[in-house]
Amino acid sequence: MTQAEALIILKTGANVFLTGEPGAGKSYTINEYVAYLRNHGIKPAITASTGIAATHIGGMTIHSWSGIGINDSLDIKDIRRIASSKHIGQRIRDTHVLIIDEVSMLAPATLNMVEVICREAKKNQDSLLGNKPFGGLQVILVGDFFQLPPIIRKKRPEDESEQIVLLDEPEAKFAYDSLAWIRTDPTVCYLTEQHRQDDKEYLSVLSSIRNSTFGMEHINHIESRRSTYDKVPEDAPKLFSHNVDVDLVNADMLSQLPDEQRDFKMSSYGLPNLVSTLKKGCLSPEVLSLKAGASVMFTKNNLRGGFVNGTLGIVKGFREGDGYPIIQTRFGNVVIVEPMVWGIEEDGQVKAGISQMPLRLAWAITVHKSQGMSLDEAVMDLSEVFEYGQGYVALSRVRRLSGLHLIGWNQRAFQVHPDILAKDKEFRKASDLIDKEYSGTAEKSIKKVQNNFIVSSGGRIEI
């Protein structure tokens with residue numbers, strides 16, 4: 001399915017699971033839909049499963065948006081309290097479209113909690129809405145289950161007598177196993193275009209991992225990119241599976257530079273709990289230490305400024321007066337970097353924000369924090385990969401085979417979860433069927449459904 005075809009379905013108000021391989025344009029499609037909604041006077045709720053993902057899309061975590069916080073489970077009293085609260089409850093009642101990005105990293109129980117709270121909040125508004133999944137919201141679930149999975153806590157409540165459909169059966173591993181997903185029954189839009197990788201050989205490697213057909217042909221491609229630390233480009237970022245390795249490399253490399261160190265401290269304002277969420281999700285550190293010659297990576301998008309999240313560069317020096325860093329990017333342009341703001345808005349008002357240079361040291365980064373980035377070049381040590389999909393996420397960050405420098409790997413690095421393999425076939429089949437259904441429907445009929453959704457959501461048809 002193309003991005004344009006997926007947008008047609010999204011605009012009808014259908015609940016949707018938007019998926020596809022890395023680089024297929026999921027974020028672009030969602031951004032186009034968000035712009036469409038706003039142009040028609042509809043303000044969507046933009047959320048993500050993690051703080052890092054939330055910063056990528058300019059939203060907030062689904063945990064904060066729904067009011068569930070860090071809870072693993074909620075009883076009936078908790079649900080009623082949250083759903084009737086002045087801020088959370090009203091926010092849900094005012095919402096017509098809920099977007100949840102990186103749904104692959106969302107635990108089934110978490111999605112269930114969000115669904116029940118939405119249903120309860122909408123019930124307080126209209127009893128009929130309380131019988132519909134998510135209280136009748138259009139729910140758009142975005143993600144790729146071949147990427148990093150959720151962390152499932154094994155703890156269960158001692159007394160389940162007051163629990164209601166919040167904890168799934170023990171075998172529930174992924175969001176699509178949840179009761180909320182099953183009740184919602186989202187239309188699958190599986191994007192098949194590729195906008196990141198343009199290297200046929202590298203695409204074949206990534207597809208073989210995804211399809212569990214990884215063989216000698218692909219091993220040969222991987223072997224051709226085997227390297228050692230003394231041979232890799234010095235300014236190419238290194239991807240590791242553990243934070244400790246990243247911190248050691250960055251600290252060691254910075255200490256070897258001779259020039260004076262400059263420290264840039266993050267500032268913040270607003271509600272403490274929201275500030276804490278922003279800090280956890282921000283790829284720039286609270287204290288950014290730089291020297292001339294340091295390898296850096298931009299952590300925010302600014303097309304006018306000449307950089308996006310993942311753009312690499314070198315610190316050339318610091319501007320006189322304010323001391324702002326001067327960065328020469330891989331593309332050759334020079335950028336004087338100024339502080340940027342990451343914020344959380346509610347009802348058009350900024351509730352919290354943090355300000356920092358949109359940079360981080362880039363000699364090394366974790367695979368987890370690389371999710372969502374597109375890199376021209378990267379050095380990877382996948383010898384300690386411990387989770388299904390971790391190697392795939394790392395490899396799919398790079399645009400082409402020539403930009404890959406592999407130090408080592410283990411068997412798990414080229415494996416994806418076996419359950420996902422079977423489920424992915426179902427998703428592809430469902431997407432093909434719905435694509436054929438819409439292609440056979442008259443454009444006039446589809447437009448009527450789209451307009452009806454705009455009206456029912458309180459929007460304007462004429463813009």
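Entry 1: I am working from a predicted model. I looked at local features only where pLDDT is at least 70.

**Entry 2: nonpolar cores.** I asked which residues touch the most other members of the largest nonpolar core. They are Phe 145, Trp 181 and Met 380, in a core of 80 residues. Helix 7, spanning residues 108-125, is the top contributor to this core and supplies seven residues.

**Entry 3: around Met 380.** I listed the contacts of Met 380, leaving out neighbours within four places in sequence. One of them is Leu 239. The list also has Ala 394, Leu 395 and Val 398, and then the run Leu 404, His 405, Leu 406, Ile 407 and Gly 408.

**Entry 4: helix 1 and helix 2.** I took helix 1 (residues 3-10) against helix 2 (residues 26-39) and got an angle of about 40°, with the axes 10 Å apart. Helix 1 is therefore oblique to helix 2. I noted the crossing of the two as right-handed. On the helix 1 side the contact uses Gln 3, Ala 6, Leu 7 and Leu 10, and on the helix 2 side Tyr 28, Thr 29, Glu 32 and Tyr 33. By class, the residues in the contact of helix 1 with helix 2 are five nonpolar, two polar and one charged.

**Entry 5: helix 5 and helix 7.** I returned to helix 7 for its packing with helix 5 (residues 76-83); the axes come within 9 Å and cross at roughly 55°. That angle makes helix 5 oblique to helix 7. The crossing of helix 5 and helix 7 is right-handed. Helix 5 brings Ile 79, Arg 80, Ile 82 and Ala 83 to the contact, where they meet Val 116, Ile 117, Glu 120, Ala 121 and Asn 124 of helix 7. I count six nonpolar, one polar and two charged residues in the contact of helix 5 with helix 7.

**Entry 6: helix 9 and helix 10.** Here I read an angle of about 125° between helix 9 (residues 200-211) and helix 10 (residues 216-223), with 10 Å between the axes. So helix 9 is oblique to helix 10. Helix 9 and helix 10 cross in a left-handed sense. Glu 201, Ser 204, Val 205 and Ser 208 of helix 9 are in contact with His 218, His 221 and Ile 222 of helix 10. The classes in the contact of helix 9 with helix 10 are two nonpolar, four polar and one charged.

**Entry 7: positive phi.** Most residues other than glycine have a negative phi. I noted Glu 102, a residue that is not a glycine, with a positive phi of about 50°. Glu 102 sits in the loop between strand 4 (97-101) and helix 7. Is Glu 102 buried or exposed? Its relative accessibility is 12%, so Glu 102 counts as buried. Asp 185 also has a positive phi, near 50°. Its loop runs between helix 8 (179-184) and strand 6 (187-191). Asp 185 is exposed, at 60% relative accessible area.

**Entry 8: Gly 321.** I placed Gly 321 in the loop between strand 12 (312-318) and strand 13 (325-329). Gly 321 has a relative accessible area of 84%, so I logged it as exposed. From Gly 321 to Phe 427 I have 106 residues in sequence and 56 Å in space, C-alpha to C-alpha.

Technical notes. Residues are numbered from 1 along each chain as its sequence is written. This is a predicted model: local features need pLDDT of at least 70, side-chain atom pairs count only at pLDDT 80 or more; totals for chains, interfaces and linings use all residues. Side-chain values use heavy atoms; hydrogens and water are left out. A nonpolar core is a set of buried Ala, Val, Leu, Ile, Met, Phe, Trp, Tyr and Cys residues joined through side-chain atoms within 4.5 Å. Buried means under 20% relative accessible area, exposed over 50%, partly exposed in between (1.4 Å probe, protein chains only). Helices (H or I, at least four residues) and strands (E, at least two) are DSSP runs, numbered from the N terminus. Contact means heavy atoms within 4.5 Å. Axes are lines fitted to C-alpha atoms, for helices over the stretch in contact, and angles run from 0 to 180 degrees between N-to-C directions. Angles under 35 degrees count as roughly parallel, over 145 as roughly antiparallel, 65 to 115 as roughly perpendicular and the rest as oblique. A crossing is left-handed if the near helix is turned anticlockwise from the far one by less than a right angle, and right-handed if clockwise. Ala, Val, Leu, Ile, Met, Phe, Trp, Tyr, Cys and Pro count as nonpolar, Asp, Glu, Lys and Arg as charged, and the others, Gly among them, as polar.
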